[in-house]
Structure formats: C-alpha cells, structure tokens
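Welcome! Work through the exercises below with the structure open beside you, and try each one before reading its solution.

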Amino acid sequence: MRYRFVCCLLSVVLLSVACNKKSSDAQSQAPQPAPATTSSPAPAPANAPAAADATVATAETTSKLAAADWAIKQDEIKNDPNGQWAIEATASSAYNDAKGTASYSANQVTGAPNVDKYSDATTAWAPKTEDAGIEWLDLKYPRPVHATAVRIRESDGSGAVIKVELFDEQGTAYTAWAGNDPTTDLNYLMVNLPKTAYKTARVKITLATNVIPGWNEIDAVQLVGTDQ
Ligand SMILES: [Ca+2]
C-alpha cells in the first residue's frame, strides 16, 4: 500500500515537472507580443469622438497644405527669372467687342496675373460669346528666347485650350502643344517643352470654347526661355 502511494506521488511529481517544461518551452517559442504602439489597437467606442476630430483635423491639414502648395506655385511662377509676361495681345474676339485696355479685352492678358479668384473677372480676357467654338489669343513678348515652357493662367471656365503655337523670328509657326487641357479652377496650363532651337517672342493660344460650357477667361500667359 505504502509502495503504491509513493509511486503515485512520484508520478504526480514527474508529470508536474514535465508539464512545467512544456509550458516553459511553449513560452519561449511563442511569438513575443508586439510592443504597444500608438497605431495598434482600434479605439474603444469611448474614443470615437476623438477619432472623428482627428479625421477632421487631418482633412483640414491636407486642405491647408494643398492651399499652401498652390500659393507657392503661383509665387514661383510669378518670380521665375526666365519668365516673361506678354506686352501685346490681339484676339479673335472680345466680350462686348472690348478694345484697348477695356474690361475683358485682349490687353487684359498682358502683364503679370491679376485675377485672385476663379470667377468672371474684368481683368481677364473673355471672348465675345460663351460657347461659339474656336477662339484665339496672339501674344508678343519683350525678348526673343529659346523657349522651354508656356504657362497659361486660366481664371474662368478652365480647360478649353486646345493648342499652343510658337513663332520663330521669321514668322514660322511651330506647335508646342495640342491636346486635352486638364486645367481646373484658377490655375496654369503648364506646357513644358525641350528647349527650342529657334528663338521666339510670339505665342498663339487656341481655345475651343464649346468644350467647357460658360465663359472661358484667361488672366495671363508667361513665356519661359533663355537667351542661349
Ligand atoms: Ca489679367
């Protein structure tokens, strides 16, 4: 009887040691719990309003950064040392048959940008009618350059430009760009090109005003290039 008791006791002790070992092995092999990070667990319901606030704050930040990017781009273009603004302009037509420096005349495209909001503005050129179709602007610049870019600042009904041409000093036209104008809101259509072999001081912009319903207005056009 006593012998059986001792055997039983031994069995229990051995089993217990074996179990402890197994448990210890399992612990050492189990993947370590990931260290707590700020991004891991889903927020508890009590945190929901804070999470919503964070989303709003993120959206506000994104919007502010986009606005800042826009402002920086406008400033860089305005102050580009290789950029020139038009000094003379003629157009296929103008709103109210505007002549000279009247509101909406072709002359409103000369000089640096002076439209602050995406909207109908008297300081931009507008054609005679809203959606007639093909209209153009012909612009002259102070200094002939080997062109690397044309930047068209669209200020209302953006997206209607279909072609940009450059003229060399003998008057030969070269198509710098033709296509689907992606511009939206108050912004530039940026036409970048390999530096032209010829020098140019004249840019012609063609619009199809029927592709963007409503008035299509252009504030200013910059020719970018170098002397050499
Ligand atoms: Ca203007």
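A nonpolar core is a set of buried Ala, Val, Leu, Ile, Met, Phe, Trp, Tyr and Cys residues joined through C-beta atoms within 7 Å. A residue is buried if 20 or more other C-beta atoms lie within 10 Å of its own, exposed if 12 or fewer, and partly exposed in between, with C-beta atoms placed from the backbone. The model is predicted, so local features need pLDDT of at least 70 and side-chain atom pairs count only at pLDDT 80 or more, while totals for chains, interfaces and linings use all residues. Residues are numbered from 1 along each chain as its sequence is written.

**Exercise 1.** Find which residues of the largest nonpolar core touch the most other members.

*Solution.* Step one: the core has 41 residues, and those touching the most other members are Val-109, Trp-125, Leu-137, Val-150 and Val-221. Step two: look at the strands (DSSP runs of E, at least two residues, numbered from the N terminus). β2 (88–91), β3 (134–156), β4 (161–168), β6 (187–192), β7 (200–208) and β8 (217–226) each give the core at least two residues. Step three: β3 supplies the largest share, seven residues.

**Exercise 2.** List what Val-221 is in contact with, leaving aside neighbours within four places in sequence.

*Solution.* Contact means C-beta atoms, placed from the backbone, within 7 Å. The partners are Ala-86, Val-109, Leu-139, Val-150, Ile-152, Arg-153, Val-203 and Ile-205.

**Exercise 3.** Decide whether Asn-96 is buried or exposed.

*Solution.* Next, count: 11 other C-beta atoms lie within 10 Å, so Asn-96 is exposed. Finally, check its phi, which is near 60°, a positive value in a residue other than glycine. Most residues other than glycine have a negative phi.

Technical notes: Helix = DSSP H or I, 4+ residues; strand = E, 2+ residues; numbered from the N terminus. Contact = placed C-beta atoms within 7 Å.
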